[in-house]
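Keep the sequence and the structure in view while reading.

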Amino acid sequence: MAKKASKKEEEPLKLFYIFYNQERWDNWLKTLSEASFEADPKSDDLPEGFRILDGFSVDITLSVLKVIKLYQNKRYSRDEALDKLSQIEAIVMSASPEGDLEELVGILQLPKLALFGGCRKYLEGGFDKDIKTLIKTGRDKIEKDMELALEAAANIAAAVMDGAACCGKYVKDDLENPTLFDEWLIECERINEAMTSLKNFDESAGDDE
């Protein structure tokens, strides 16, 4: 009897995994709407609102990549992972709220194009892993062909999910006017950091944080 119970406990408990939902998104929006974006002249820290916006962004990236980790750990099939991904994407990439939050949510959403595009490429397979060439293509095309530049960014993101190292050395800290492709590269670096932090995710079934 003891052996049967132990075996049952080791089976994947998919229903216990809780991912991004509308309530979580709404709670972040409410927190953001109540935050101050005024700089404190006595402090070098970013205003509260921008710190919250960054936390908002990290939370989305981590939530999405938990789906990828569960696919890697064979908790989800490819179709199940794609379905979970689509559910989160529908929330995050929904129409921006009108008013003061509209611009902020737009700033949040644009980098996530590389995140969601990269996830789909990773799950579907066949992505390009030549990061140096992809970055050159993205930088060359961002002003002429945004779709092609995004395709390059999505391939980079997929390669990072697959274990490639990127993209700190390619992100220029001194850029006064970063392009959208630079924002996508920053998101790819965030993906790299998140995958590292999630290295041991799913050690126990039901982990949702």
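A residue is called buried when its relative accessible area is under 20%, exposed when that area is over 50%, and partly exposed in between. By this rule, both Cys 166 and Cys 167 are buried. The model discussed here is a predicted one.

**Cysteines**

A disulfide is a covalent bond between the sulfur atoms of two cysteines. The count for this model comes to one disulfide. Which residues does the disulfide join? Cys 166 is joined to Cys 167, with an S to S distance of 1.7 Å. The link between Cys 166 and Cys 167 is right-handed, with 105 degrees about the S-S bond. Cys 188, by contrast, is in no disulfide, and the nearest cysteine sulfur, that of Cys 167, is 4.8 Å away. A pair of cysteine sulfur atoms must lie within 2.5 Å to count as a disulfide. Cys 188 counts as buried because its relative accessibility is 0%. Cys 119 also has 0% relative accessibility and therefore counts as buried.

**Backbone**

Most residues other than glycine have a negative phi, and most peptide bonds are trans. Cys 167 belongs to the loop between α7 (146-161) and α8. Lys 74 sits in the loop between α3 and α4 (78-92). Is Lys 74 buried or exposed? Its relative accessible area is 72%, so Lys 74 is exposed.

**Aromatic rings**

A pair of aromatic rings is described by the distance of the centres and the angle of the planes. The whole structure holds five aromatic pairs. Among them are the two in this table.

| Pair | Distance of centres | Angle of planes | Class |
|---|---|---|---|
| Trp 28 and Phe 56 | 5.2 Å | 10 degrees | stacked |
| Tyr 71 and Tyr 122 | 6.2 Å | 90 degrees | edge-to-face |

Planes under 30 degrees apart count as stacked, and those over 60 degrees as edge-to-face. Trp 28 lies in helix α2 (residues 22-33) and Phe 56 in helix α3, so their pair ties together parts that are 28 residues apart in sequence. Trp 28 counts as partly exposed because its relative accessibility is 23%, whereas Phe 56, at 0%, counts as buried. Ring pairs also link Trp 25, Trp 28 and Phe 56 into a cluster.

The other pair in the table connects helix α3, where Tyr 71 lies, with helix α5, where Tyr 122 lies; the parts it ties together are therefore 51 residues apart in sequence. Tyr 122 is buried, with a relative accessible area of 13%.

**The largest pocket**

The volume of the largest pocket is about 400 Å³. It is lined by 15 residues, and the closest to its centre are Asp 54, Ser 57, Ile 107, Glu 183 and Arg 190. Which helices each supply at least two residues of this lining? They are α3 (48-72), α5 (101-124) and α8 (180-197). The most comes from α8, which gives six residues. By type, the lining divides into seven nonpolar residues, one polar and seven charged.

Terms used. Residues are numbered from 1 along each chain as its sequence is written. This is a predicted model: local features need pLDDT of at least 70, side-chain atom pairs count only at pLDDT 80 or more; totals for chains, interfaces and linings use all residues. Side-chain values use heavy atoms; hydrogens and water are left out. On a 1 Å grid over the protein atoms alone, a cavity is a set of points where a 1.4 Å probe fits but cannot get out, and a pocket is an open set with protein on both sides within 12 Å along at least five of seven lines; lining residues have an atom within 4 Å of a point. Grid points are joined across faces, edges and corners, and a volume is the space filled by probe spheres set on the points. Helices (H or I, at least four residues) and strands (E, at least two) are DSSP runs, numbered from the N terminus. Ala, Val, Leu, Ile, Met, Phe, Trp, Tyr, Cys and Pro count as nonpolar, Asp, Glu, Lys and Arg as charged, and the others, Gly among them, as polar. Buried means under 20% relative accessible area, exposed over 50%, partly exposed in between (1.4 Å probe, protein chains only). Rings of Phe, Tyr and Trp (its six-membered ring) pair if their centres lie within 6.5 Å; planes under 30 degrees apart count as stacked, over 60 as edge-to-face and the rest as tilted.
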